[in-house]
Amino acid sequence: MRKKNLFKKLIAAAGAMAMALTLMVPMGVSAAPAPTMDSTTPVNLIIEKHKTTSENSNQESTGEKLDGVSGDALAGVEFTIVKVAEIDANSYEVKYKLTEDGATMFSSLGESEGAEVTGTELREALEASSNDLSTIKNCENEISGTTAANGKVVFSSNNALPSGCEDSTLVEMTTGRGIYLVVETAWPAIVTDRSAPFLVSLPMTSKANNGKWIYDVYAYPKNSTEDFKIDKNITSVGDSSGNISEDESKAEASIGDVITYQVPVTAVIPDGGLKKLGIKDTMSAGLTFVQKGSSVSSSDVDVYKGNTTKDEKVDANSYTVSVENNVLKVSFTDTYIGTLNQNAEKDKTPDFLFVYKAKLNENAVAGSVTTGNSVKLVYKYTNYPDKEIEFGTDIDTTIYNWGIDITKQSDTNETLDNVTFELYKGNADGIVGDALKFRQIDGGTNDGVYYLDDTAGDSTLTTSNGGKLVIHGLASGTYYLKETKTNDGYVLLKDPVKIVIRPDDNYDGKTTATIGNSESSVNSDKNARFAVTVVNNKGFDLPQTGAAGTALFAVAGMAIAAVAGGLLFFLRRSSKK
């Protein structure tokens with residue numbers, strides 16, 4: 001009964017099409033002899049699909065080619081045709097004789113194969129048909145074809161594309177001339193109302209050209225369509241909603257910060273219903289999905305009805321959540337999808353809002369600006385239950401973080417290993433709070449490379465062989481690099497090095513850092529580490545008591561005594577003379 005109502009609804013919804021298609025079957029009686037039908041000319045049925053809008057839904061179809069048909073071409077629509085009657089047009093009266101398939105499809109006529117019927121009787125039988133016309137697939141001589149990217153499929157008796165139909169789908173039609181039933185048997189998910197089944201005569205007589213036979217018959221059945229929509233927004237980082245771009249696609253974070261994402265979705269319930277619906281977020285290695293317990297569950301993601309508000313929360317039992325290889329999947333249950341299908345008459349385009357969190361981890365590429373994660377809408381629809389479709393392109397978000405690349409050396413350009421530092425967060429007036437805590441990458445296998453870890457880290461940062469120290473995973477702000485221990489014979493820095501990282505507005509260009517009294521810039525789409533060279537000077541050490549210093553004074557005293565003795569000798573000799 002439900003299928004009957006659906007079919008009747010489709011017929012009613014396509015009233016304008018039905019009026020046009022009335023012209024596509026010759027009338028049973030002519031006032032004048034019908035023009036002679038050429039039995040050697042091949043016949044072609046060219047079906048051209050366009051999306052229906054309020055502006056283009058009433059264009060008239062006459063069987064002849066129309067120029068400038070409005071509405072975007074619609075690919076992926078399958079049509080199935082079957083010949084239901086033969087044509088006898090060799091007399092004043094055009095006659096139709098039911099085929100075996102015609103008698104089956106139009107059982108309401110109560111006629112068997114070979115019975116003569118009129119065009120009016122065929123139309124009335126179509127409208128009154130009690131069959132689910134998808135049974136056309138069970139006919140003896142049914143033929144199917146799917147529209148190409150240009151929206152066209154051509155059924156041809158000579159298996160050749162007519163002029164102007166290049167790049168169209170070509171389907172060989174071996175059954176030749178006759179009256180054909182055309183049924184749309186599969187369609188993309190964006191279709192909310194499929195086109196109504198119709199009858200077409202191949203060939204057919206021209207309304208505008210004194211009944212001349214048309215051998216290339218064009219049909220323009222249309223669908224009511226809606227588009228899927230999906231987006232992804234960053235709504236907060238840590239406890240703050242600041243430092244997020246105006247369009248909510250970009251933000252900055254330190255390693256360890258938790259990022260809240262919102263994914264608004266507009267789904268489409270197609271004619272025939274959905275089979276599957278959900279989202280798939282492919283996260284980068286630098287993001288870790290945040291779960292509340294020891295294993296992932298549906299309570300780790302909040303789903304709301306409506307894509308702009310959180311007024312109506314969907315029960316967590318209505319969807320499942322899984323994470324594998326850093327891919328998050330949220331899928332509605334069959335029961336909930338069944339409810340959506342049942343409510344499709346009232347709401348063909350339901351809205352949803354998915355909310356979940358991820359943490360920026362140590363695998364975020366050091367100093368890099370992008371996390372590379374993207375989200376897509378995943379669905380199946382009833383006509384193709386085994387074909388999973390993903391919707392959404394380039395729907396990703398970007399998390400910015402920066403780093404400091406330190407080289408420690410002497411005033412003679414020698415590199416200094418094992419020099420220790422601490423890094424503090426501060427403001428323009430100085431240090432605020434305790435030293436930040438860090439861990440080395442891979443637990444210490446990469447000496448001198450550190451990332452933020454306020455829970456299990458240590459505040460001491462040590463230069464590696466070659467005097468290198470790399471700190472990454474920092475948000476923008478003011479930092480103070482304080483030297484805590486240097487090599488023997490060198491003097492510690494008197495003051496911490498002040499480092500101020502300033503990204504440009506909306507994170508669209510360069511990021512600038514003031515390091516001491518100088519400035520440095522990096523491109524925000526490249527390895528965003530700021531180079532810092534820290535120089536230690538050698539000290540002036542006093543000599544030890546009784547050591548080389550005393551001997552030096554003794555030698556000097558002996559030299560002075562020798563000089564004095566010499567002078568005294570010459571003075572006495574001079575006096576005697």
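Begin by selecting β26 (351-360) and β34 (449-452): each of these strands supplies at least two residues of the lining of the second largest pocket. It should be kept in mind throughout that this is a predicted model.

Next, display the pocket itself, which holds about 490 Å³ of space. Which residues are the closest to its centre? Select S254, I255, G256, D257 and L452, for these hold that position among the 24 residues that line the pocket. Then colour the lining of the second largest pocket by residue class: 9 of its residues are nonpolar, 8 are polar and 7 are charged.

Now move to strand β6, residues 143-146. Which of its residues lie on the covered face, and which on the uncovered one? I143 and G145 form the covered face, whereas S144 and T146 form the uncovered face. In a regular strand, side chains alternate between the two faces of the sheet.

To locate one of the bridge partners, select T80 together with S144 of β6.

Finally, select the whole protein. Its secondary structure comprises 6 helices and 41 strands. Of the 577 residues, 47% count as buried. The accessible surface comes to about 28,700 Å², and 47% of that surface belongs to carbon and sulfur atoms. Among contacts between residues at least 6 apart in sequence, 69% join residues at least 24 apart.

Notes: Residues numbered from 1 in each chain as written. Predicted model: local features only at pLDDT ≥ 70, side-chain atom pairs only at ≥ 80, totals over all residues. Heavy atoms only, no water. 1 Å grid on protein atoms, 1.4 Å probe; cavity = no way out; pocket = protein on both sides within 12 Å on 5 of 7 lines; lining within 4 Å. Points joined across faces, edges and corners; volume = space filled by probe spheres on them. Helix = DSSP H or I, 4+ residues; strand = E, 2+ residues; numbered from the N terminus. Nonpolar A, V, L, I, M, F, W, Y, C, P; charged D, E, K, R; others polar. Buried < 20%, exposed > 50% of the residue type's maximum accessible area, 1.4 Å probe, protein only. Contact = heavy atoms within 4.5 Å. Areas by Shrake-Rupley, 256 points an atom, 1.4 Å probe, with all protein chains shown as cover. Pairing = 2+ DSSP bridges.
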